[in-house]
Amino acid sequence: MQKSILQEVDRFLEDQDQDLSALYQSYTWKKDTYKNGFPDLFHLEQVISFAARHHSLGISHLIEIAKWGKLPNTKQISWPEPNKFSLYENDLPAPWLETEPEKAISILEGQIRGFGPTYASKLLHFAVPQIFGALDTRLVRTFGKGDTAAQRYLLLNISVTWSGNRWAILSSQTGWAEEYGKWVGILNYIATDLNRNGKSCHHPSKYLEFNLREKGVWLPADVETALFAYASQEIAGEKQ
């Protein structure tokens, strides 16, 4: 990853001494709050990561993610050949996922109809949280291009587009997969930095009880959850 990008990430972490644990705990989406134990996030990760480990992902999992994320039209979703490639080997994330995350998103987008970049990345977030996080419009508006009012730190060279009555990430834009791969690298970089410096992630207790997390240890998916909360706060501040 380019040194300039890592410097921008470091600037974000240093500005106002960003407390990612507090941001993680401030995450809100539908029924999900830290006080409630993030019930939907927990359920989706538990079910989808289990299915991914056992090579049994299917259309029902896509529909669950779509409804949770408020995708407008779930009837268009299809997955003719699920599990054409394996995300896990010997109960561990496939080694190539860490080195070629852009390949994983490209394969999924080539297989799944009616999902698009955001939802393919959400599937990876829930299936392999040890490596991946989602990349949605709020995150691109804040850390990428396309919404000058919301942009805070330029980490990504991709844009959101206003389409109909909502923002969208167009997969047709040049470099989408590579930029998603960069995003995964950023999430892993931040997780490593937080863990190395002893800055714990305070997961809801259920994540520890069901062995989805080790106490205090950040995963890239947790970092993304915190960054989504940050982006949501910044966008709300702009009243958009």
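How many helices and strands does the protein chain have? There are 11 helices and four strands in this one. Keep in mind that you're looking at a predicted model. Here's a quick tour, starting with the whole chain and then zooming in on one residue.

**Overall shape**
- A compact globule of 240 residues would have a radius of gyration near 18 Å, and the protein chain comes in at 17 Å, so the two agree.
- If you follow the C-alpha trace along its principal axes, the protein chain spans about 45 × 45 × 35 Å.

**Inside and contacts**
- Of the 240 residues in the protein chain, 51% are buried.
- Take the contacts with a separation of 6 or more: 63% of them in the protein chain link residues 24 or more positions apart.

**Surface and charge**
- The protein chain has an accessible surface of about 11500 Å², and carbon and sulfur atoms account for 49% of that.
- On the charge side, the protein chain carries 25 positive and 28 negative side chains.
- The centres of those two sets of charges sit 7 Å apart.

**A closer look at Gln46**
- You'll find Gln46 in helix 3, which covers residues 39-53.
- Gln46 has a relative accessible area of 28%, which falls between the 20% and 50% cut-offs, so Gln46 counts as partly exposed.
- Setting aside neighbours within four places in sequence, Gln46 is in contact with Phe210 and Leu212.
- Gln46 and Phe210 are 164 residues apart along the chain, yet their C-alpha atoms are separated by 8.5 Å.

Conventions:
Residues are numbered from 1 along each chain as its sequence is written. This is a predicted model: local features need pLDDT of at least 70, side-chain atom pairs count only at pLDDT 80 or more; totals for chains, interfaces and linings use all residues. Side-chain values use heavy atoms; hydrogens and water are left out. Helices (H or I, at least four residues) and strands (E, at least two) are DSSP runs, numbered from the N terminus. The radius of gyration is taken over C-alpha atoms; the globule rule is 2.2 Å times the number of residues to the power 0.38. Buried means under 20% relative accessible area, exposed over 50%, partly exposed in between (1.4 Å probe, protein chains only). Contact means heavy atoms within 4.5 Å. Accessible areas come from the Shrake-Rupley method with a 1.4 Å probe; for residues, only the protein chains shown count as cover. Lys and Arg count as positive and Asp and Glu as negative; His and the chain ends are not counted. The place of a charge is taken as NZ of Lys, CZ of Arg, CG of Asp or CD of Glu.
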